[in-house]
Amino acid sequence: MAKVLIIGAGGVGRVVAHKCAQVPEVFSEIMLASRTKSKCDSIAQSIKNRTIQTAQVDAENVPELVALIKSFKPELLINVALPYQDLFIMDACLETGVNYLDTANYEPKDEAKFEYSWQWAYHDKFKEKGLTAILGCGFDPGQSQIYTAYLAKHYFDEIHYLDIVDCNGGDHGKAFATNFNPEINIREITQNGKYWKDGAWVETKPHEIMRRLTYPNIGVRDSYLMYHEELESLVKNFPTLKQARFWMTFGQEYLTHLRVIQNIGMASIEPILYKGVEIVPLQFLKETLPNPDSLGENYSGETSIGCRIKGIKNGKEKTAYIWNNCSHQAAYDETGAQGVSYTTGVPAMVGALMFLTGKWQGPGVFNVEEFNPDPFMDVIGKYGLPWEVKEDIDLEL
Ligand code: NDP
């Protein structure tokens with residue numbers, strides 16, 4: 001029985017609130033706080049049979065966060081606001097003695113770059129206070145690392161080649177929309193690609209490397225090599241990896257829109273003066289694009305995210321593919337959010353459950369593959385994201 005404070009009332013916050021509310025024996029009291037309280041209230045009203053508290057907070061204001069935490073006294077804070085707020089929220093957790101979990105690593109607003117160094121630097125501070133911080137517990141990052149740890153533990157003696165494959169085979173009917181916060185999403189996918197090869201990072205131009213990969217129940221999709229944050233922790237925690245890559249599917253229509261957005265300067269994060277007011281083009285663009293929250297109602301199709309691994313077992317080469325497929329419509333029917341928010345929010349709730357039931361603990365800052373994957377894998381299907389494994393198949397990579 002524990003109190004949990006969720007910060008961020010977007011698509012992911014909606015799913016986390018719904019899923020925590022479904023497990024009252026663990027999450028006995030829930031508070032959802034965000035910049036706009038009316039969004040918290042609307043999510044709270046959509047949760048049947050359970051009352052959750054709501055509050056307004058600016059998560060970039062540490063004293064405000066501290067006051068809220070002191071008044072509610074949670075055991076764990078689940079941060080599903082934006083990556084910009086991670087360090088402010090971690091500071092507030094340290095000041096109030098509260099444990100922490102998030103789904104995306106810190107990014108400074110003025111630099112489109114993600115890496116764990118900023119949050120790993122908090123390890124000793126959390127350790128000294130006897131607190132736990134769990135980083136990146138969504139799907140990718142998150143479940144992708146737990147999948148890797150699970151296969152490494154049960155299917156291989158050593159893992160050598162890892163490909164994380166992320167396909168959204170859904171159709172929301174809009175000409176162009178992003179599935180999570182447009183500003184964060186466009187910053188991520190317009191970066192240079194990067195992958196791990198023989199002990200060093202190899203950089204590529206954005207979308208320079210493409211493979212046509214087959215996804216279960218979806219079919220063949222153009223999949224582009226991208227840099228993704230969990231590669232950084234995975235190559236550190238699995239030093240036998242000779243190669244680690246991340247692939248995401250994009251349609252031609254999507255890429256054409258993206259190219260235009262970049263070419264006309266709308267993906268820029270450099271402030272410009274517009275009629276005497278400073279604006280950031282990408283932040284302005286976010287306001288004109290469909291809100292990811294609004295995509296759910298008519299979203300058809302599925303997501304399919306998994307890990308394809310090659311390594312050795314009993315001296316022989318072996319392959320395995322582990323994945324989950326998630327239906328956008330089923331996610332919407334259950335929580336009012338589309339599949340991308342759902343596949344992020346469910347692992348966040350289960351990670352919180354792992355911590356609060358004593359299965360994942362330890363003082364310091366951890367990436368999820370550092371914990372025992374078994375108790376997570378035992379229950380994640382029951383909470384909405386069942387998985388499958390195929391062994392000794394052609395990985396196409
Ligand atoms: P949204 O933009 O839909 O929601 C973000 C929420 O955070 C909004 O409600 C917003 O408030 C709130 N917020 C922003 N700034 C502040 C602030 N200063 N103080 C308080 N609240 C604030 O994003 P998503 O729900 O799509 O994504 C949430 C997180 O999940 C992001 O960090 C994203 O990167 C991560 N993510 C992780 C994935 C994974 O697999 N690991 C996949 C997808 C997303 P307001 O409503 O007022 O704007």
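The following legends describe close-up views of one predicted model. Residues are numbered from 1 along each chain as its sequence is written. Because the model is predicted, local features need pLDDT of at least 70 and side-chain atom pairs count only at pLDDT 80 or more, while totals for chains, interfaces and linings use all residues.

View 1. Strands (E, at least two residues) and helices (H or I, at least four residues) are DSSP runs, numbered from the N terminus. A residue is buried if 20 or more other C-beta atoms lie within 10 Å of its own, exposed if 12 or fewer, and partly exposed in between, with C-beta atoms placed from the backbone.

**View 2. The partners of β15.** Two strands pair if DSSP finds at least two bridges between them. Strand β7 (residues 158-168) pairs with β15 in the antiparallel sense over 10 bridges, and I164 has C307 as its bridge partner in β15. Strand β16 (residues 316-327) also pairs with β15 in the antiparallel sense, over 12 bridges; here Y321 of β16 stands opposite R308. The hairpin of β15 and β16 has 2 residues between the strands, and N314 takes a positive phi near 50°.

**View 3. Residue E29 in strand β2.** E29 belongs to strand β2 (residues 27-34). This residue is partly exposed, as 18 other C-beta atoms lie within 10 Å. I47 is 18 residues apart from E29 along the chain, and their C-alpha atoms are separated by 14 Å.
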